[in-house]
Amino acid sequence: MRWMDRLRMAMISLFWRRRETERLDAEMRFHLEQEIAERVRAGATTDEARRAAMREFGNAAVLRDEARRIWSWGWLEKLARDVRFGTRSLMRSKGFSITTIGVTALCIGATTCLFTVVRSVLLKPLPFRDPERLVAVYEHFRNQQPYNPVAAGDFLDWRAKTHGFEDMAAWQHTSFNLSSERNELPEVARAAAGSWNLLSVLGVEPALGRTFREAEDRVGGDAVVMLSWSLFQRRFGGDPSVIGRQIRLDAKPHTIIGVLPSWFTYPESQVQLWVPYASVMSQQELERHDDHGSWVIARVRPDVSLKNAMAAVSALQYQMHMQWLGAPVAEDANSRPLLEDVVHDVKTPLMVMSCAVVCMLLIGCLNVSNLLVARAAARQKETAIRGALGAGRAAVIREQMTETLIICAAGGAFGLLLAMAGTRWLTSRWHDLPRADAIHVDGMVLLFTAGVVCVAALLAGLLPALSATSKSVAVALQDSSRSVGGSVSKAALRKMLLTAEIALTVVLLIAAGLLLKSFVLLRTTELGCATDNVLTMAYSLPVKQYVTPEQRVVFTEGLLDRVRRLPGVRAVGLVTEVPGEGWGGDSVFTIPEHPIVDQEHKIDVDALTRMADPGYFSALQIPLIEGRFFDSHDRLERADRVIVSRQLARQFFPGESVVGKHLSVEWNGKVAPYEIVGVVGDTVYSVGEPAKATMYFPMLSGVGGHQMTLVVRTDGNPLTYAMAVQKQIAAMDPGLPVVDVLTIPQIVGQSTLNANFSATLVLLFAGLSLLLAGVGLYGVLSYLVTQRVTEIGIRIALGAQREQVLGLILRDGLRPVAIGLAVGVVGGAGIGFVIRSSLYGTKPLEPLVFIAMVATLLVVAAAACAAPAWRASSIDPMQALRTE
Amino acid sequence: MGKPNDLVQGTLGLLILKTISLEPKHGWAIAKRIQQISNEVLQVQQGSLYPALQRMEQQGWIRSKWGETETGRQARFYSLTAAGRAQLEKERTMWNRLSAAVDLVVES
């Protein structure tokens, strides 16, 4: 009961503070009146009675304050007073307030924004059941690929023959032509083929319908499909009666059995539909151990450690390796937590950006701190007078800290708005950011911002507040009346802060420079083919509709012929993957003429596989090195010819003539020797990767089931031809969807987008930091010059030359710059090694970057020093001495 | 005037609790009562009553209620709570022990 009484009183004194104060006053007034009345009754005059009563009563104002202090929440009142006072004094110096609030808003905003992204992407658990027990399992090629995609045969054996995991599931990328059912446009849908138990391993229930049955996940099983929520909404209007209906994928009817929940975006949000794992493979493919194209997820059993479970899988894998010795079958298996697997590609860039942003926050705090020291110097007299009037040091520090806190809180509030806008921008611009749809500002982020505000206030405010109040009142009062060499210690403090600021800026600049250089290198990589004025677009011929090789060849030749005849088209070709588009596929091969001698790559006897038509190489201006291109005789059953890349010739036929030799490859389901008819120049499959040995098979063989990319070289801007070319395709087959209408720079741009992104952002942070450092330097020097006007005046009056004064001030300003630079360069060297994995073709200690960045900083520093130094050197001694 | 001496300050609480233990009283009446009963010996500075009352109310020993005086004016009447009654007993015991001890020292 007692605590309830107390609570009630606390509430009353908090919420009815004014009423309670009035009551207290009324009570005291009543007391006095009673006392006066009594004295008057006893015979005193009214005046005498009043005086006597007041004397008896004591100082009413003091007593009232004493009584109020007893109420809880005294601290709140004190805080409110401090805040009121701080706001008033900040309002008085608008320039200072706007600058500091702007700086903190920027820094806190950027930090919050990055935190929001990092938390949602890297830290939040995956939205599955017991997500910490999910791992991704990979094949492990010793000395080569620690995390290699898994062959279907490996997966099926792991699942059947080891028992360390609760269950294992696998999936593969695939895509389908989605035919129109009710006059929608045909489209190509990205899809995934998942094993029947995938959703139960993840612990996900479908939003509608059911998941796959084991019997459906078989070669020749029922054709069934599950829709993603977005496809369900977009193409079927969210109508639940689609369950049980049929849709045609690659012209083959599939029954819709379920719809996935809207939040389910694994492995990526672009996957539109799911089919059973085995439905996209033949029985033979399903049993292969050397065709690595699946991703495997496993759920750890609660009673078995991950280590033991993986040991069993690895042992089994080693047996398979020994069984197929010579074939590319991995020796081991490897695993990593599923969360880490999902975010693997973005972890380093995100960490780099976070570090950059923390650096910027520190620089911002140092800058505000610097401004506060300057402000404290200007308010020295005020502080001294307050001290003289009885304010304790703690009270003055508290007031100054409150002021800093107000600045940071205002900055934090604006920063939060900035962060919300920034987060939205970041997620929309960041290509393929995993879990991007889960990113939003929530309570945790608000809490984080509040924390950052407090830390920033402490960082920025404590040092200036302590130093401003360190002097005794008498010294401070004396000091402020003299201005010659008045506050050397304060200048020293500011220089120290400035040194730290510059060191951090240099580190940031170097990191940004390294990232930028790698990005530029990436963008200017030679693809090995023509890149200007080339239009590409992709389609795939459904095998159900174009059944025989002849039908496919007729379509191909007809299309090429139509496009070639368009005005403005210089050349046209057809290929399965254009350079820069990605890995595509690869195959292992042997050479009938001699065993493979390859010292460097003992296991790596595979080459990328492409199909190309006779016109492809000339269309993309890929040079012919030896032999000939394909011609129209290399078709159908006479298509047992192959063209190899220069890298393949160099790697597997060193010092030999290649043309006329053979490659024995499994292609189109059968192993056969292919005669090499030509050698062409190398192209890279992905920007930033070295050229890989490549085999080109004749397109006119009519092999089906591949996505084709049409390559059109044009006069002038290629995109203006897109419509005309698409019309030709529609004229041949109106139901055939076309995707990825792009130019080569666009294809390259997509794959380097993320490198571009992190380089741009870090550069932005570095640029802002440079600006902050420049402003800080300018501020310190201007302040120093103002402090030393008299001294400089005397020097000039005594005969010092203008150049000497100029030099004096410049030296003063550039000393912290030099020290900061030295520290920063050391830090920059360290940071280079930390971000090594995000660099391409750039050494961590790239001299060019270091020199360029140091020079940039020096230029900015010199510019920031020049104005104050010039002002100092043009001081008129007469005036300077008179103003004193 | 002058501050009430420390002894009185320390026992002001006890005096107030005792004074209102019989019936609810307003501030002025409490002050008068203390003066009367102590034969004007205990000169409590009248105003210092109010911070003490506030403190005791915050502690939950007394509670206050607005009511009418015999002359028909509005005043705040203080009365003891159960906790206050316990506190009164505690302070009374303390005081007895203290005054007995002082007696012993002074009279020996």
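**Reading the model step by step**

Reply: The secondary structure of chain A comes to 26 helices and 22 strands, where helices (H or I, at least four residues) and strands (E, at least two) are DSSP runs numbered from the N terminus. This is a predicted model, in which local features need pLDDT of at least 70 and side-chain atom pairs count only at pLDDT 80 or more, while totals for chains, interfaces and linings use all residues. Residues are numbered from 1 along each chain as its sequence is written, and chains are lettered from A and ligands numbered from 1 in the order in which they are written.

Me: What does the radius of gyration of chain A say about how spread out it is?

Reply: The radius of gyration is taken over C-alpha atoms, and the globule rule is 2.2 Å times the number of residues to the power 0.38. For the 884 residues of chain A the rule gives 29 Å, whereas the radius of gyration is 38 Å, so the chain is more spread out than a compact globule. Its C-alpha trace spans about 130 × 85 × 55 Å along the principal axes.

Me: Which domains does the assignment give for chain A?

Reply: Domain bounds come from an automatic or database domain assignment. For chain A it gives domain 1 (2-72), domain 2 (149-329), domain 3 (347-523 + 751-883) and domain 4 (542-735). The C-alpha centres of domain 1 and domain 3 of chain A lie 54 Å apart.

Me: How many residues does the largest nonpolar core have?

Reply: In soluble globular proteins, nonpolar side chains tend to be buried together. A residue is buried if 20 or more other C-beta atoms lie within 10 Å of its own, exposed if 12 or fewer, and partly exposed in between, with C-beta atoms placed from the backbone. A nonpolar core is a set of buried Ala, Val, Leu, Ile, Met, Phe, Trp, Tyr and Cys residues joined through C-beta atoms within 7 Å. Here the largest core has 106 residues, and those with the most contacts inside it are Ala356(A), Leu508(A), Ala511(A) and Val762(A). Two residues are in contact if their C-beta atoms, placed from the backbone, lie within 7 Å. Leaving aside neighbours within four places in sequence, Ala356(A) is in contact with Leu508(A), Ala511(A), Val762(A) and Phe765(A). A second, separate core of 64 residues includes Phe589(A), Ala607(A), Tyr616(A) and Leu620(A). Of the 884 residues of chain A, 43% count as buried.

Me: Where in chain A is there a cis peptide bond, or a positive phi in a residue other than glycine?

Reply: Most residues other than glycine have a negative phi, and most peptide bonds are trans. In this model a cis peptide bond joins Tyr266(A) and Pro267(A), with omega about -5 degrees. Pro267(A) is in the loop between strand E8 (252-259) and strand E9 (273-276) of chain A. Ala251(A) has a positive phi, near 70 degrees, and is found in the loop between strand E7 (246-249) and E8 of chain A. Leu636(A) also has a positive phi, of about 45 degrees, and lies in the loop between strand E16 (624-627) and strand E17 (641-645) of chain A. Ala251(A) counts as partly exposed, with 15 C-beta neighbours inside 10 Å; Leu636(A) is partly exposed, with 14 other C-beta atoms within 10 Å.

Me: How many residues of chain A are in contact with chain B?

Reply: There are 22 residues of chain A in contact with 18 residues of chain B. The elements giving two or more residues to the side of chain A that touches chain B are helix H1 (2-15), helix H2 (17-41), helix H3 (46-57) and helix H4 (60-70) of chain A. H2(A) gives the most, with eight residues.

Me: In what order do the strands of the open sheet in chain B lie?

Reply: Two strands pair if DSSP finds at least two bridges between them. The open sheet of three strands has the order E1-E3-E2 (chain B), with antiparallel pairing, and its edge strands are E1 and E2 of chain B, each pairing on one side only. Strand E1 (residues 25-26) and strand E3 (residues 74-80) of chain B pair over two bridges, with Lys25(B) opposite Tyr78(B). Seven bridges join strand E2 (residues 62-68) of chain B to E3(B).
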